[in-house]
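Let's take a quick tour of a protein model.

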Amino acid sequence: MPVAACGAAAVAVCTFAWSQEASAPVAGKSATTDLYTVREGSKVDAHTLAGWKTWRALACDRCHGPQQEGLVGPSLVNSLKMLTKEQFHVTVINGRLDKGMPSFGTSTMMQANWEGLYAYLKGRSDGNIAPGHLYPLDGATDK
Amino acid sequence: MTYAAKTFSRGALVVAALAISAAAAADTDLEQLMANSSNWASQAGDYANQRHSKLAQINAGNAGNLQVAWTMSTGVLRGHEGSPLVIGDTMYMHTPFPNNVYAINLKDQTFKWKYEPKQDAAVIPVMCCDTVNRGLAYGDGKIFLQQADTTLVALDAQTGKVVWTAKNGDAKIGETNTNAPHVFKDKLITGISGGEFGVRGRLIAYDVHTGKKVWTAWSTGPDEDLLFDPAKTMTWTNGKMAPVGKDSSLKTWQGTQWKLGGGTTWGWYSYDPKLNLVYYGSGNPGTWNPAQRPGDNKWSMTIFARDLDTGKAKWVFQMTPHDEWDFDGVNEMVLVDVEEGGKKVPALVHFDRNGFGYTLNRVTGELLVAKKFDPAVNWASTVDMKTGRPQVDKKFSPGTTGPDVDVKNICPAALGSKDEQPSSYDPATNLLFVPTNHVCMTYEPFQVEYSAGQPYVGATLTMFPAPNSHGGMGNFIAWDAATGTIKWSLPERFSVWSGVLTTDGNVAFYGTLEGYLKAVSTKDGKELWKFKMPSGIIGNVFTYEYQGRQYLGVYSGIGGWAGIGMAAGLTGTTEGLGAVGGYKDLARFTTLGGTLFVFDLPQDAGAKVAAN
C-alpha cells in the first residue's frame with residue numbers, strides 16, 4: 001500500500017490525493033517557454049510528458065504530494081522557484097538523505113528524463129501546467 | 001453457529017506450552033508473565049491476538065471518571081503505532097524512527113535506562129513517507145527491538161545492554177521493518193516491509209537466546225523456499241482441504257517475477273501453543289499494476305499456518321488472488337473458538353483489507369465464514385465458499401480495464417476496510433470489536449520498471465469517504481465471527497486507526513485520528529467517556545495494574561498514512577481536484593505529537609468530583 005496501508009512501510013508508504021478527481025483535466029493555460037510547451041493545462045510536449053511519467057513512476061507524490069504541494073517532503077511548487085536546474089539535478093541524483101530525499105542516481109529513468117522532470121515541475125511551479133494526468137500535445141484528454 | 005464463550009484461558013496456554021516443550025518453556029518466562037493480567041507483556045497481551053484484559057477495576061460503571069494519571073513525551077514527532085509493554089514495575093516505551101527504547105520505573109516515572117540506536121538516515125527515504133514502529137517484544141529476560149534498518153536487537157531488560165543483534169534485510173534494496181517482533185516460546189519471529197519496492201516477503205524465526213536464525217519462510221518462489229511440502233501443505237480447494245501440489249507459487253507468476261513478488265509480512269502474528277502453529281498474513285504482490293504480473297501471484301495476500309519449530313507450512317489460504325487494489329493480507333489473525341452445530345471449533349478470525357471478515361478452522365485451514373464487514377465494499381459481490389475466491393465486479397477491476405485507465409469508485413480504498421490497527425475479542429459478548437476505514441478510491445495503474453531500491457508501485461490513487469453513507473471515513477464495529485454479521489456500528493468522522501482493547505469491565509477502548517480516546521460499552525456501543533489528546537491516535541490501547549490500581553494507556557502521535565492524509569488536506573490548491581473530503585477537516589483537530597498518556601480512576605470521591 002502506500003502509505004500506511006501500503007505494504008512496505010505500512011502506514012508509512014501510502015500517500016495519494018485525498019480527493020475525488022485528481023486526474024480530471026482542467027480548462028488550463030497554454031504557454032510555450034524555453035523548457036516546455038503546454039496547451040489547455042494538461043497537453044504537453046513529449047519531453048515534458050516523459051518528465052511527468054518519471055514523476056509518476058518514481059512515486060514522487062508520496063512525499064511531495066499529488067499536486068507537488070508538499071507532504072512529508074517540501075512543496076515543489078515553491079522549491080522550483082528557487083532551485084537552479086543544476087541544483088535540481090544534484091538533488092535528484094544524489095538525494096538529500098538526511099532530510100529523507102532518496103537518491104535516484106541508480107534509476108535509468110531518472111537519468112534519461114531528469115530534464116523533462118525539471119521542465120514539468122517548472123511548469124507546475126509557474127502555474128501553467130495543471131495538476132494531475134498529462135497528455136501528448138496531439139492527444140485526447142479523455143481516457 | 002455461534003461463539004462458544006470459552007476461549008484460551010491464559011493458564012491453559014502455559015500448561016500447553018509446557019507440555020509441548022518442557023525444555024523451551026523452562027527457559028522462557030513470557031507465558032507466566034502474560035498469565036498475570038497486571039502485566040502487558042506482549043503487544044496483544046497474549047499469544048492469540050485477543051487484546052483482551054481480565055482487569056475490571058475500570059469498568060462500564062466508572063469509566064466515565066477516568067482521569068490522566070501521568071504522561072511522558074517520547075521526544076519524536078512521528079506516527080506512534082503499537083503500545084508500550086509493562087512487566088512488573090517497569091514500562092518499556094518505544095518510539096518511531098530513530099527507534100529509541102526507554103525503560104520507565106512505574107514507581108516514580110523515572111527512566112531506568114535508555115537505548116538510542118544509531119541508524120543510517122538513508123533508511124528514511126525507503127520508508128517513505130513515515131517511520132512508524134509497532135513496538136517491542138519481551139521474552140527470556142530480554143526486550144527485543146526491530147529497528148527500521150532491519151537490525152534486530154536483544155536488550156537486557158534490566159540494564160538495556162545489548163545482548164545480541166541480527167540483520168534481517170537490506171535497506172539498500174528497499175527492505176525495512178515497521179512490524180513488532182513477536183516472541184513465541186523460544187523463538188523470536190519477525191518479518192519484512194517493502195511491498196512498494198519489489199521486496200520479496202518472508203517470515204524469519206530466531207533463537208531468543210542467541211539470535212541465531214532458525215528458519216526463513218518466503219512468501220513466493222520454489223517450494224523449498226516456501227517451506228512447503230507439496231503433498232502435505234494444504235489449501236481450501238473445491239469445498240475441502242487438498243494438498244497445494246508442486247510449484248504452487250511458481251506456477252502463478254510469469255517467469256521470475258516471483259523474485260519481486262512482494263508478499264511482505266509487516267503485520268501482527270499469533271500463535272497457538274497446543275497446535276504449535278504460527279499464524280500471519282502476507283502483503284501485496286510486487287507492482288500495483290496488475291497487467292504486469294498475470295496469474296494468481298501466490299502466495300501474496302495469504303494466511304499462513306506454520307509450525308513454530310520448523311517453519312513448515314501446514315496450510316495456506318489466499319484471500320485476494322491476483323491483487324488489483326493493494327489489499328495486503330497482513331492484518332492480525334485473532335485466535336478464538338467458535339461454535340458450529342453445537343461443536344466447538346478452534347478458529348482464526350481475520351478482517352482483511354479487502355473488506356471481508358474471514359473465519360477459518362485454525363487446525364485444518366477450512367473456510368467457515370467470509371462476509372463483508374463494511375456494507376460499502378463493492379469490488380467483489382461475495383466470496384465463493386467453494387473456491388474461496390472473491391467474485392470480482394469487472395467495473396471495479398483495474399486489471400480488467402488495463403493500464404492508464406482511471407477506475408472510479410472502488411470500495412474499499414487501498415488502505416482497506418481495515419489496516420494494521422488491531423481488533424479485540426471480548427469473551428463475555430463473544431464479539432470482536434473492530435476499528436475500520438470507510439474510504440473508497442479511484443485507481444489508475446501504469447507500467448513501471450524495477451530498479452533496486454527505487455519505488456515499484458505503478459498506480460496513481462485518490463481516496464475519499466465512502467459515498468452515499470454517513471460522510472465519515474471510519475466505523476467502529478462489533479462483529480460476530482460465527483455468523484459474519486455486524487452487531488452494531490458507530491460512525492466515525494475519520495478512519496479508526498487505533499488498536500482496540502476490551503476488558504472484563506465490559507468496556508471497549510479505542511482512539512481516533514482527531515485525538516479522542518473513547519470508552520464504549522461492549523454491550524451496545526454506548527459512549528461512556530472520551531478524552532482529547534494533543535495529537536491524533538494511531539497507537540494501540542493497553543492496560544496494566546500496578547500496586548493494586550488499574551491503569552489504561554495509549555500513545556498520542558498522529559502520522560503514517562493518517563498524517564499524510566492530513567497534510568494533503570491542509571493544502572488550499574484544489575484546481576482540477578474535487579472536494580478534499582472529510583480528511584481536510586483533520587487539520588482543524590490535531591497536529592503532530594509524541595506523548596504517552598496513562599489514565600486511572602480517581603483515588604477518592606473528592607478527586608472524582610474534580611475529574612467531573
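Which residue in β32(B) is the bridge partner of Met441(B)? Met463(B) is the one. This is a predicted model, where local features need pLDDT of at least 70, side-chain atom pairs count only at pLDDT 80 or more, and totals for chains, interfaces and linings use all residues. Residues are numbered from 1 along each chain as its sequence is written, while chains are lettered from A and ligands numbered from 1 in the order in which they are written.

**The sheet in chain B**
- Strands (DSSP runs of E, at least two residues, numbered from the N terminus) β28, β31 and β32 of chain B line up in that order as an open, antiparallel sheet.
- β28 (407–410) and β32 (459–465) of chain B each have a single partner strand, so one side of each has no neighbour in the sheet.
- On average, neighbouring strands here are turned by 20° against each other, direction ignored.
- β31 (residues 439–445) of chain B pairs with β32(B) over seven bridges; pairing takes at least two bridges found by DSSP.

**The helix pair in chain A**
- Helices (DSSP runs of H or I, at least four residues) α4 (residues 85–94) and α5 (residues 108–126) of chain A pack at about 140°, with axes 10 Å apart. Axes are lines fitted to C-alpha atoms over the stretch in contact, and angles run from 0 to 180 degrees between N-to-C directions.
- That angle makes α4(A) oblique to α5(A) (under 35 degrees is roughly parallel, over 145 roughly antiparallel, 65 to 115 roughly perpendicular, and the rest oblique).
- Lys85(A), Phe88(A), His89(A) and Val92(A) in α4(A) meet Met110(A), Trp114(A) and Tyr118(A) in α5(A), contact being C-beta atoms, placed from the backbone, within 7 Å.

Methods. Two residues are in contact if their C-beta atoms, placed from the backbone, lie within 7 Å.
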